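Q: I am new to this structure. How should I read the places where its parts meet?

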Amino acid sequence: MSILINKETRVLVQGITGREGRFHTEQMQAYGTKVVAGVTPGKGGRDALGVPVYDTVKEAVADHEVDASIIFVPAAAAADAALEAAYAGVQLVVLITEGIPTLDMVAAVKEIKDLGVRLIGGNCPGLISAEEAKLGIMPGHVFKKGRVGLISRSGTLTYEAAAALSESGLGTTTTVGIGGDPIIGTTFKDLLPLFKDDPDTDAVVVIGEIGGSDEEEAAAWIKENMEKPVVGFIGGRSAPKGKRMGHAGAIIMGDVGTPESKLKAFAEANIPVADTIDEIVELVRKQLK
Amino acid sequence: MKLHEFQAKELLAQHGVPVPTGKVAYAPEEAERIAKEFGKRVVIKAQVHVGGRGKAGGVKLAQPDEAREVAGKILGMDIKGLTVKKVLVAEAVDIAKEYYAGLIIDRSTQRVVLMVSKEGGVDIEEVARTNPQAIVKFPVDPHKGLRHFEARDVVKRAGLEGNINRLANVIVQLYNTFVGVDASLAEINPLVVTDQGDIIAADAKIDLDDNALFRHPDLAKLREIEAEHPLEIEASNYGFAYVKLDGDVGVIGNGAGLVMYTLDLVNRAGGKPANFLDIGGGAKAEVVYNAVKLVAKDPDVKGIFINIFGGITRADEVAKGVIQALEEGVVKVPVVMRVAGTAEEEAKSLLEGKPIYLYPNSLEAAKAIVTMVGGAK
């Protein structure tokens with residue numbers, strides 16, 4: 001089992017004919033993801049990587065059953081592409097694109113949520129259910145099937161954590177990279193209930209970082225609702241205030257987004273926090289005993 | 001991207017917000033000429049990208065015949081490490097009341113949030129700490145925009161005194177400016193009600209969303225590179241996410257999360273990072289070569305720690321870039337590397353016998369580089 005996606009999930013790729021879209025579609029197919037169609041406005045009627053390409057999402061979903069869409073279109077058109085998928089009735093939309101104007105996301109996130117559609121990202125690595133399906137850009141080989149759910153604001157650090165969990169034999173169920181931007185479709189606390197209900201997930205690792213208050217909100221939810229063990233991690237603990245550390249969302253503004261506030265929230269919810277990636281494995285082991 | 005006060009006021013004025021008449025001066029004589037042209041008391045304000053100008057002595061009132069001397073004192077002044085190169089000379093306003101109106105992008109509500117307070121003219125973060133109930137907040141529906149009746153309601157709830165229609169107008173115009181220029185922050189502080197009952201934006205601050213600058217080429221041109229660290233400018237030309245820090249360990253990695261974590265490890269080992277540098281995803285050898293060259297150029301750097309977890313980025317491409325930099329002699333300091341993930345074995349065999357220190361584990365590598373630059377501080 002897993003959350004959100006599995007090997008039956010039928011996937012549409014928006015921006016399939018672009019460089020990134022083509023490369024990652026090939027990678028997803030190699031992983032076993034069921035890609036059923038692609039969309040690139042102006043390139044409808046062709047084939048790409050063995051699947052038909054359509055001009056619009058509407059046309060694609062008229063011909064195919066689609067459970068999820070993954071978006072690789074440039075930043076200026078990305079929020080529009082996500083809205084297109086949501087209005088066409090696609091229930092899970094994964095927005096990989098980086099550098100999307102924030103106000104585009106403010107408007108799109110509200111509208112997509114109002115439609116009852118789940119949006120993951122933008123500026124995210126996507127999600128992967130180990131050894132089943134990948135809707136993202138992560139290196140599939142580091143994810144071994146196992147018992148730990150993983151949610152993260154970072155890409156590379158997620159791969160590190162997944163590799164460590166896989167190597168230890170604990171493995172992962174589903175891993176979701178929620179993205180490093182200030183306005184994103186899905187936050188930690190939106191995903192925790194799904195992991196709570198997933199019978200195969202025995203523990204959850206939350207990889208947070210400085211900026212915003214998503215970690216604090218997740219900790220509050222965990223304290224009230226979660227029986228399964230959770231292990232935390234906070235990246236950027238030594239970062240100076242007011243400087244954007246690579247991710248648009250990784251910035252401490254005044255008293256908001258400090259590592260102290262996040263560590264305190266985790267402590268209050270009895271969530272152990274790992275200082276290093278290797279320690280994540282130790283803490284998960286300890287919690288599962 | 002930060003804008004200067006005079007630029008922020010220009011944008012507000014374009015959207016209908018009343019601002020004091022003012023002009024920018026680069027020399028004391030110019031300030032005097034502007035003040036005499038206005039023929040009345042002026043305020044002379046340092047234009048630097050940093051808060052707390054008033055406290056630092058960068059904002060002063062002057063009569064037209066004093067303007068040259070006052071501007072002369074402010075120009076060239078150092079405020080929090082930035083040299084004042086220009087001043088805004090503006091007509092002084094007669095202040096009856098000072099309020100605050102601001103807009104930010106709030107992550108929790110995922111909206112643009114309007115904040116209005118009776119406590120203007122002071123640091124709003126201080127008000128938020130000491131007297132949070134004095135700030136009235138209103139999350140704006142992105143599809144409807146800020147309507148006049150909503151602004152009037154906020155004006156009432158915040159307890160602002162003065163012409164409610166005109167106060168609400170300014171607040172709606174502030175919102176229109178925010179959306180019109182793709183800001184990430186816009187504030188008027190103080191929003192002044194004058195002795196005559198006029199409403200005027202006596203000071204203003206606007207930060208722009210870097211992701212949306214492509215829609216505003218005219219605003220993108222306002223970027224002032226002299227205000228940034230030269231290495232940050234060079235890094236942005238290469239497309240790197242780079243932040244100059246004040247330590248001596250150069251840090252390079254792939255992925256913002258991993259680089260942040262690497263900084264944390266250097267700190268944990270007792271060292272101080274000299275920079276944050278993310279080479280991004282899927283970097284080729286040339287990109288890595290440029291990254292190493294850039295970090296090695298920083299005179300503060302006494303050692304470099306390269307932390308790579310290969311995913312889409314291939315560790316062997318990284319190794320090739322590092323080796324090229326070493327062979328061209330651009331690096332004069334010790335280099336510690338940790339590589340894992342995609343093409344890890346290929347990378348290790350390429351790096352064999354090269355003058356770098358390879359560690360299998362990030363924390364061990366961090367400890368090693370800290371020792372090499374002279375130990376924990």
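**Reading the interfaces**

A: Start with the pairing across the chains. This is a predicted model, and between chain B and chain A it has 18 residue pairs in polar contact, both at pLDDT 80 or more.

Q: Which elements of chain B give two or more residues to the side that touches chain A?

A: They are β7 (95-106), β8 (111-117), α4 (124-130), α6 (164-180), β13 (241-244), α9 (256-268) and β16 (303-310) of chain B. The most comes from α9(B), with 10 residues. By residue class, this side of chain B has 20 nonpolar, 12 polar and 14 charged.

Q: How many salt bridges does the rule find across the interface of chain B and chain A?

A: There are 4 salt bridges. In one between Glu160(A) and Arg338(B), the closest N and O atoms are 2.4 Å apart.

Q: How much area do chain B and chain A bury between them?

A: The size of an interface is often given as the accessible area lost when the parts come together. Here chain B and chain A bury about 3900 Å², with 60% of it on carbon and sulfur atoms. The contact involves 46 residues from chain B and 55 residues from chain A.

Q: What does the domain assignment of chain A give?

A: Chain A has domain 1 (10-121) and domain 2 (139-288). Their centres, taken over C-alpha atoms, are 26 Å apart. Between them, domain 1 and domain 2 of chain A bury about 940 Å², 57% of it on carbon and sulfur atoms. The count of salt bridges between these two domains is 0.

Terms used:
Residues numbered from 1 in each chain as written. Chains lettered and ligands numbered in written order. Predicted model: local features only at pLDDT ≥ 70, side-chain atom pairs only at ≥ 80, totals over all residues. Heavy atoms only, no water. Contact = heavy atoms within 4.5 Å. Buried area = accessible area lost by both parts, 1.4 Å probe. Salt bridge = Lys/Arg side-chain N within 4 Å of Asp/Glu carboxyl O. Polar contact = N/O pair within 3.5 Å; in protein donor to acceptor, adjacent residues only side chain to side chain. Helix = DSSP H or I, 4+ residues; strand = E, 2+ residues; numbered from the N terminus. Nonpolar A, V, L, I, M, F, W, Y, C, P; charged D, E, K, R; others polar. Domains from an automatic or database assignment.
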